[in-house]
Structures are given as C-alpha cells and as structure tokens.
Amino acid sequence: GMNDGIYLPFDDGRFQKYHDGIIWLQDQVAKSGAQIIFLTPPVYDQQKGAAYANVLDMYSDWLISQRYTANWQVIDVHGPMRKYQEDKRELDSTFALAADGVHPNAEGHWVMAKALLLGLGEKEVLKTNSIQEFMSAYRNGKEILTLTEQKHQMMKDAWLTATGHTRPGMKQGLPLKEALLKSAQLEKEIEELMK
C-alpha cells in the first residue's frame with residue numbers, strides 16, 4: 001500500500017522486505033484455504049515527490065508481475081489512478097486526486113473503486129462517471145450508498161479511537177462496542193434494501 005516504501009527513495013533492502021512480506025502473506029492465506037486478491041498501491045502524487053511516486057510504480061509493477069510468474073490474483077488500481085491523473089493534468093496542471101499526495105479525495109476513491117469493480121468482472125461500471133451514477137442504476141442504490149458511507153465513517157472513527165490513533169483532524173469515534181452494534185443495525189437496513 002501507500003506506506004510500504006515509508007516515503008523514502010527506492011532501497012533494495014526495503015523492497016526485499018516488502019517482497020518477502022507479500023510472499024509470506026500469500027503463503028499464509030493459501031495455507032488457510034482462503035482466497036486472496038492483491039491490489040496494487042494507490043498513486044503517490046509525483047508533484048509532491050517524484051522519487052516516492054517512482055517507488056510505488058516499482059512496487060506496483062512487481063505485484064502485477066506476480067499475475068504471470070506466480071498466478072496470483074492482482075487487481076491494478078495504481079495504473080488507472082496514474083493514467084487518470086495524468087490525463088486530467090493535461091487539461092489542468094493543478095489537478096490532484098489527493099491534496100496531500102497521499103489520501104485520495106472522492107474522485108480518487110471512485111477511480112480506485114472502478115478499477116476494483118472491473119477487476120472483479122463488473123463491466124457495467126464502464127458506463128458510469130461516479131459512484132452515485134453507478135449506484136443509481138440499482139434499486140435502492142442511492143439509499144444503500146448513503147447507509148454504507150455512514151457505516152464506514154462510523155466504524156473508521158470508532159476503530160481509530162479504539163486503537164489510540166492520533167492522526168490530526170480525526171473525529172472522536174463511538175466506543176467500539178456501541179459502534180459494532182450500530183454497524184450491525186445499519187447492515188440489516190442495507191440488506192433489507194437489497195431485497
């Protein structure tokens with residue numbers, strides 16, 4: 001992911017640890033009998049640092065190569081994000097998918113989601129330009145999206161609070177036990193809308 005190269009220029013030793021860790025993860029998941037699908041890391045904005053953007057390009061390339069050399073399931077979100085940002089920058093040099101170069105905005109998340117959905121075989125996503133447009137094609141899609149976003153935000157805040165995370169600007173989350181109960185309620189509402 002974004003943090004794997006720890007925001008430093010490429011280093012053989014650090015890359016070897018990434019490589020070894022990913023192979024270990026693949027092996028552990030395979031031993032458990034579960035299926036794993038790898039995603040390439042999102043892009044780091046080269047306007048914020050070309051060296052680190054290049055590191056994630058290299059990590060992504062290696063992961064994609066595992067499709068062919070090791071028969072892994074790998075979905076590329078890095079390449080589509082990079083191309084999207086480059087295409088937009090041809091029209092507007094100030095365009096960014098992430099203001100800080102790291103944390104994608106809603107448009108950046110849509111580009112990642114679209115690549116993920118395509119990788120899972122959802123071809124209808126090609127016809128849409130936003131998550132709202134995509135979800136509006138489904139019965140109760142907008143309501144499902146709204147509840148899913150509420151659930152995600154609540155659980156993100158609860159988990160960050162529960163783990164003692166101190167990232168600046170984060171909201172105080174509900175106590176985890178309470179958030180899990182509310183999450184289960186929201187999940188039931190979502191399931192009802194999906195019927």
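Hi everyone, and thanks for coming. Please keep in mind that this is a predicted model.

Let's start with helices H6 and H7. H6 covers residues 141-162 and H7 covers residues 176-194; their axes come within 10 Å and cross at roughly 165 degrees. Angles over 145 degrees count as roughly antiparallel, so that is how H6 and H7 lie relative to each other. The crossing of H6 past H7 is left-handed. If you'd like to find the contact on screen, look on H6 for residues including Leu147, Met154, Met155 and Trp159, and on H7 for residues including Leu180, Leu186, Ile190 and Leu193. What classes of residue make up the contact of H6 with H7? There are 14 nonpolar ones, along with three polar and five charged.

Now over to the other pair. Helix H1, residues 12-32, and H2 have axes that come within 12 Å and cross at roughly 35 degrees. Here H1 passes H2 in a right-handed crossing. H1 brings Arg14, Phe15, Tyr18, His19, Ile22 and Ile23 to the contact, and H2 brings Tyr59, Trp62 and Leu63. Sorted by class, that contact has seven nonpolar residues, one polar and one charged.

While we're on H2, which runs over residues 50-69, have a look at Gln66 in that helix. Is Gln66 buried or exposed? Its relative accessible area is 9%, and the cut-off for buried is under 20%, so Gln66 counts as buried. Its side chain has a polar contact of 3.2 Å with the side chain of Ser65. Beyond neighbours within four places in sequence, Gln66 touches Asn71 and Trp72.

Methods:
Residues numbered from 1 in each chain as written. Predicted model: local features only at pLDDT ≥ 70, side-chain atom pairs only at ≥ 80, totals over all residues. Heavy atoms only, no water. Helix = DSSP H or I, 4+ residues; strand = E, 2+ residues; numbered from the N terminus. Buried < 20%, exposed > 50% of the residue type's maximum accessible area, 1.4 Å probe, protein only. Polar contact = N/O pair within 3.5 Å; in protein donor to acceptor, adjacent residues only side chain to side chain. Contact = heavy atoms within 4.5 Å. Axes fitted to C-alpha atoms, helices over the stretch in contact; angles between N-to-C directions. Parallel < 35°, antiparallel > 145°, perpendicular 65-115°, else oblique. Left-handed = near helix turned anticlockwise from the far one by under 90°. Nonpolar A, V, L, I, M, F, W, Y, C, P; charged D, E, K, R; others polar.
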